[in-house]
Amino acid sequence: IRFSIQDMMKRIQVLLREKERVALGDVVAGHDTMELIGALLAGLEMSKASVARLVQSRLFSRIYIARR
């Protein structure tokens, strides 16, 4: 396993300390589909824990993870 959801959540938390929101694609290095799915799952877990929220302005637009 290259990463865990907990590792991805930590990565997102570090990024959110610097910015109000971060694009989902900016969480992963390169275009690794599995890491992107992991980042989405981590964002969903953070949303469930009321730590962050997922934001998308319209259908098929970029997904952002924002601080709560």
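Which residue in strand 3 is the bridge partner of R53? The partner is A66. Strands here are DSSP runs of E with at least two residues, and helices are DSSP runs of H or I with at least four, both numbered from the N terminus.

This is a predicted model, in which local features need pLDDT of at least 70 and side-chain atom pairs count only at pLDDT 80 or more, while totals for chains, interfaces and linings use all residues. Residues are numbered from 1 along each chain as its sequence is written, and side-chain values use heavy atoms, with hydrogens and water left out.

Start with the overall layout. The chain holds three helices and three strands. Read from the N terminus, the order is α-β-α-α-β-β. The radius of gyration is 11 Å, close to the 11 Å that the globule rule gives for 68 residues, so the chain is as compact as a globular protein of that length. That radius is taken over C-alpha atoms, and the globule rule is 2.2 Å times the number of residues to the power 0.38. Along the principal axes, the C-alpha atoms fill a box of roughly 30 × 25 × 20 Å.

Next, the surface and the contacts. The accessible surface of the chain is about 4,900 Å². Carbon and sulfur atoms account for 55% of that surface. Such areas come from the Shrake-Rupley method with a 1.4 Å probe; for residues, only the protein chains shown count as cover. Of the 68 residues, 28% count as buried. Buried means under 20% relative accessible area, exposed means over 50%, and partly exposed lies in between (1.4 Å probe, protein chains only). Contact means heavy atoms within 4.5 Å. Among contacts with a separation of 6 or more, 51% are between residues 24 or more positions apart.

Now return to the strands. Two strands pair if DSSP finds at least two bridges between them. Strand 1 and strand 3 run antiparallel and are joined by three bridges. Strand 2 also pairs with strand 3 in the antiparallel sense, over four bridges. A66 in strand 3 is the bridge partner of R21. A66 is also the bridge partner of R53.

The helices come next. M9 has its place in helix 1. Leaving aside residues up to four places away in sequence, M9 touches A42, E45 and M46. M9 and A39 are 30 residues apart in sequence, yet their C-alpha atoms are 7.5 Å apart in space. R17 is in helix 1 too. R17 is exposed, with a relative accessible area of 64%. The C-alpha atoms of R17 and V28 are 17 Å apart, and the two residues are eleven apart along the chain.

How many salt bridges does the structure hold? There are four. A salt bridge is a side-chain nitrogen of Lys or Arg within 4 Å of a carboxyl oxygen of Asp or Glu. Side chains of opposite charge can pair when their charged atoms come close.

One of the bridges joins R11 and E35, at 3.5 Å from N to O. R11 lies in helix 1 (residues 5-18) and E35 in helix 3, so the pair ties together parts that are 24 residues apart in sequence. R11 is partly exposed at 32% relative accessibility. E35 is buried, at 15%.

Another bridge joins R67 and E20, also listed at 3.5 Å, N to O. R67 is in strand 3 (residues 64-67), and E20 is in the loop between helix 1 and strand 1 (21-23), 47 residues away. R67 is partly exposed, with a relative accessible area of 35%. E20 counts as exposed, at 52%.

D26 and R62 also meet in a salt bridge, at 3.6 Å from N to O. D26 lies in helix 2 (residues 24-27) and R62 in the loop between strand 2 (52-55) and strand 3, so this pair ties together parts 36 residues apart in sequence. D26 is partly exposed at 47%. R62 is partly exposed, with a relative accessible area of 47%.

The last stop is a nonpolar surface patch. M34, I37, L40, L41 and L44 make this patch, which covers about 420 Å². Patches are made of residues with over 30% relative accessible area and no salt bridge; like charges are joined within 9 Å, and nonpolar side chains (Val, Leu, Ile, Met, Phe, Trp, Tyr) within 5 Å. I37 lies in helix 3 (residues 33-48). I37 is partly exposed, with a relative accessible area of 42%.
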